[in-house]
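Trainee: Could you show me how to read helix packing and a chain contact from a set of coordinates?

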Amino acid sequence: MENQIPPSSETGTDLDNFFNLSFDMVGLDTLRQLSLWAKIISVCAFIGYAFSLAGALFGHPRSSGFIDEQSSAVTGSRISNILGAFLVVIVGGAINYFLYRFAVGIDRGVSSMDALKVNEGFNSLRIYFKILGIILIIVLAILVIAILIELAGLAGR
Amino acid sequence: MDNTKSQQQTELLEMHLDYDGGNTLQETVRWSKFLAIVGMIGLGIYLLVVLVGASFIGALVQQTYGLEGAGLVGLVIAVIIFVLAVLIFVVVMLYRFSVFTRRGIDTQDQVSFNRGLKSLKTYFLINGIIGILYLLLTIFSTVIALI
């Protein structure tokens, strides 16, 4: 008994603190609505991706009367459209998969009053926001590089 | 006595936030705050560009096409500003979620914690409506492309 290591004050306090917060009736109702709307967003996104992919794959190429439909410009534009649609489907699909998992986790957790499932749901939300944040950082980095290249080009003239 | 009983029953119906859940939520809050702040800055810059550009484009169109053209440009700019206002509201809701949830966890304030969850709900609600509109638009444009 004497050799028992007392919990560190930080961990003990954190544990105590987290146990003081709960999902009361108001919180549970909010969680239910939250999961419903998160599910709607993800399902809408999945259906939208399927449609946009179908449009890119089977849609008629947009060409003006002056350009032949078989010309390399139209073919190139069509290929870039398909590649762009695939990229959006892969990235968006991954993001919305975690949003869907969040919705399902919260829904199951609230209906069965299982805190573990709610935690799993929040973990999916964490991954969802993390992926969005990383994508945002990448986009901002590309933007900064593009601006720097443009400025360097202007300075070189 | 009755009050104590009902309080106990309510507590039985409640789910407590455990250590793992709290840690996960804290990291979620950190990422959502980053997204909200970058979103606010980005949308602010975009709004500034729209407002500054609008006066130039409006004057140019009025010179070329007269008052009718300028009216059309004004309508387009009004729609853009409305969309931007909605997006700024969405980003503010995300920021409120991060601030209130963090405050709720740090100070053990149930009211702040619930307020944070409500802000997240509003964030998802508006995103859901935008998602439905996006889906309708995508279906419409795909059908046009396939015909």
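This is a predicted model: local features need pLDDT of at least 70, side-chain atom pairs count only at pLDDT 80 or more; totals for chains, interfaces and linings use all residues.

Trainee: At what angle do the axes of helix H3 and helix H4 of chain A cross?

Mentor: Two packed helices are described by the angle between their axes together with the distance between those axes. In chain A, the axes of helix H3 (residues 72–112) and helix H4 (residues 115–156) cross at roughly 160 degrees and come within 7 Å. Angles over 145 degrees count as roughly antiparallel, and H3(A) and H4(A) are therefore roughly antiparallel to each other. The crossing of H3(A) and H4(A) is left-handed, and, by class, their contact has 14 nonpolar, 5 polar and 4 charged residues.

Trainee: Which residues of H3(A) and H4(A) meet?

Mentor: On the H3(A) side they include A:Ala94, A:Phe98, A:Phe102 and A:Ile106, while the residues from H4(A) include A:Val118, A:Leu125, A:Tyr128 and A:Leu132.

Trainee: How many residues does the contact take from chain B and from chain A?

Mentor: The contact takes 45 residues from chain A and 43 residues from chain B. On the side of chain B that touches chain A, H4(B) provides the largest share, 21 residues, and the classes on that side are 21 nonpolar, 16 polar and 6 charged residues.

Trainee: In what sense do strand S1 of chain A and S1(B) pair?

Mentor: Strand S1 (residues 22–23) of chain A and S1(B) pair in the antiparallel sense, over 2 bridges, and A:Phe23 stands opposite B:Met15 in S1(B).

How values were computed: Residues are numbered from 1 along each chain as its sequence is written. Chains are lettered from A and ligands numbered from 1 in the order in which they are written. Axes are lines fitted to C-alpha atoms, for helices over the stretch in contact, and angles run from 0 to 180 degrees between N-to-C directions. Helices (H or I, at least four residues) and strands (E, at least two) are DSSP runs, numbered from the N terminus. Angles under 35 degrees count as roughly parallel, over 145 as roughly antiparallel, 65 to 115 as roughly perpendicular and the rest as oblique. A crossing is left-handed if the near helix is turned anticlockwise from the far one by less than a right angle, and right-handed if clockwise. Two residues are in contact if their C-beta atoms, placed from the backbone, lie within 7 Å. Ala, Val, Leu, Ile, Met, Phe, Trp, Tyr, Cys and Pro count as nonpolar, Asp, Glu, Lys and Arg as charged, and the others, Gly among them, as polar. Two strands pair if DSSP finds at least two bridges between them.
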